[in-house]
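Good morning, and thank you for coming.

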Amino acid sequence: MKQMTFEEAKEKIEQIIRNMEQGNLPLEESVAQFEEAVKLVKYCQDKLDEYKGKIEAITVKPQEEDL
């Protein structure tokens, strides 16, 4: 998977969902799209976890210094 932003991955997931909801895809293509969506969801979750860690480091560290 090429490096993409969180927003790009989210948009790709939304596009896959729209494609699958139309019901026009052959079974093999539906499965391939589903597999791609699962990978993209994992990518997004990893990005969210990364950003959460950064935010916690920024907000928790100053509070600890005040003690």
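I shall speak about helices, salt bridges and a surface patch, in that order.

This is a predicted model, in which local features need pLDDT of at least 70 and side-chain atom pairs count only at pLDDT 80 or more, while totals for chains, interfaces and linings use all residues. Residues are numbered from 1 along each chain as its sequence is written, and side-chain values use heavy atoms, with hydrogens and water left out.

Let me begin with helix α1, which spans residues 6–22 and includes Gln-15. Helices here are DSSP runs of H or I with at least four residues, numbered from the N terminus. Gln-15 is partly exposed, with a relative accessible area of 30%. By that term I mean a value between the cut-offs for buried, under 20% relative accessible area, and exposed, over 50%, using a 1.4 Å probe and protein chains only. In sequence, 18 residues separate Gln-15 from Gln-33, and in space their C-alpha atoms are 9.9 Å apart.

I turn now to charged side chains. Side chains of opposite charge can pair when their charged atoms come close. How many salt bridges does the structure hold? There are six, a salt bridge being a side-chain nitrogen of Lys or Arg within 4 Å of a carboxyl oxygen of Asp or Glu.

One of them joins Arg-18 to Glu-11, with N and O at 3.0 Å. Both partners are partly exposed: Arg-18 has a relative accessible area of 36%, and Glu-11 has 39%.

Another links Asp-46 with Lys-42, whose closest N and O atoms are also 3.0 Å apart. These two residues lie about one helical turn from each other, because they are four residues apart in helix α2. Asp-46 is partly exposed, at 38%.

A further bridge pairs Lys-54 with Glu-50, at 3.5 Å between the closest N and O atoms. Lys-54 and Glu-50 are likewise four residues apart in helix α2, so about one helical turn separates them. Shared partners connect Lys-47, Glu-50 and Lys-54 into one network of salt bridges.

Finally, which residues make the nonpolar surface patch? Met-20, Phe-34 and Val-38 form this patch, of about 270 Å². Phe-34 belongs to helix α2, residues 27–65. Patch residues have over 30% relative accessible area and no salt bridge; like charges are joined within 9 Å, and nonpolar side chains (Val, Leu, Ile, Met, Phe, Trp, Tyr) within 5 Å. Accessible areas come from the Shrake-Rupley method with a 1.4 Å probe, and for residues only the protein chains shown count as cover.
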